[in-house]
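Please look over the sequence and the model below before reading the report. The text is meant to be read with both in view.

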Amino acid sequence: MTSLDQSRPARSASTAPAGSVQQVAEKVLPSVVQLQLVTAQGGGEGSGIVISSDGYILTNNHVVEGAQNGRLTALFHDNRSAPVRIVGTDPKSDLAVVKADITGLTAADLGRSDDLPVGAPVVAIGSPFGLSGTVTSGIVSAKDRPVRAGGESGSQDTVLNALQTDAAINPGNSGGPLVDMDGNVVGINSAIYSPGSSQERAGSVGLGFAIPIDQAKRISTELKDTGSATQTTLGVVITNSPQQAGAQVRDVTPGGPAEQAGIRSGDVITRIGNRAVLDTDSLIAAVRSHAPGDRLPITVTGPGGDRTVEATLAGQKG
């Protein structure tokens, strides 16, 4: 008698253990959407997160870019599909809210990212390379990573203050959720790092990046309610400091937060809040991690040496 001759065992009756990847997947999969874009120039795909039972979906701006000149369709976990319209987009934060005319959906539970520790287990769900409902797992590898939307090809306008994870994230995962082991969304998967010249179709090397949900929730609420978002700003034009780590101020906006705090052209910003500023991207990411109205200590180096000032961050539409 060989193993091939044995009868099949009874179907497994085990339920998913609490806090397991299996249990998280069972909870979150119904709230994850595959988004398909067809335009005259071609097509694209990505993922989205159901945020209301009547069809509001949170995703990345770069997933729906070009939808005005094409057809955007959502494929839901229950195999229903529906056309999607744009409600609001914010290229600078790489977020978008879209709406499908459909009801009876399962909205995701949104968590919080401010107290998420490095090393915490997380699960990513999305549609990498069009494979909808794909579940991968890993940990939070780092926090507060300055990353450009779309990877290294992105512009400084799109710097994200990202969570880094080693959960496998590939093209098509963009816009899908990164969730904690309670099944609460803690980030919006947005970018990957891949060595080599072709970022577009490259695969995971264990360096994925997600927009923290605290920031994404604030922006997406504005997009849903008003169609546009308010960017947090310090009111400075900056460049990398040639002599030291930091962001050198080339100009300040008249009447803006920096000018009111006493920051002057030529100063080098080296710390904002409790974060060290190493270059321009890290300053932009630090500012965008806060909301307009937040008051923060800022350390600058100028002709008289180091000094710390207090600045109240402002909001700027568009």
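## About the model

This is a predicted model, in which local features need pLDDT of at least 70 and side-chain atom pairs count only at pLDDT 80 or more, while totals for chains, interfaces and linings use all residues. Residues are numbered from 1 along each chain as its sequence is written, and side-chain values use heavy atoms, with hydrogens and water left out.

## The whole chain

The protein chain has five helices and 20 strands; helices (H or I, at least four residues) and strands (E, at least two) are DSSP runs, numbered from the N terminus. Its C-alpha trace spans about 85 × 45 × 35 Å along the principal axes.

Of the 318 residues, 50% count as buried, where buried means under 20% relative accessible area, exposed over 50%, and partly exposed in between (1.4 Å probe, protein chains only). Among the contacts with a separation of 6 or more, 61% are between residues 24 or more positions apart, a contact being heavy atoms within 4.5 Å.

## Salt bridges

Side chains of opposite charge can pair when their charged atoms come close. A search of the whole structure finds ten salt bridges, each defined as a side-chain nitrogen of Lys or Arg within 4 Å of a carboxyl oxygen of Asp or Glu. One of them joins R80 and D78 at 2.9 Å, N to O; R80 is partly exposed at 32% relative accessible area, and D78 is also partly exposed, at 44%.

Another salt bridge joins R275 and D144 at 3.6 Å, N to O. Because R275 lies in strand 17 (residues 275–276) and D144 in strand 8 (residues 134–148), this pair ties together parts that are 131 residues apart in sequence. R275 counts as buried at 12% relative accessibility, whereas D144 is partly exposed at 38%.

## A residue in a loop

Q243 lies in the loop between strand 14 (236–240) and strand 15 (247–252), and with 68% relative accessibility Q243 counts as exposed. The C-alpha atoms of Q243 and V268 are separated by 9.8 Å, and the two residues are 25 residues apart along the chain.
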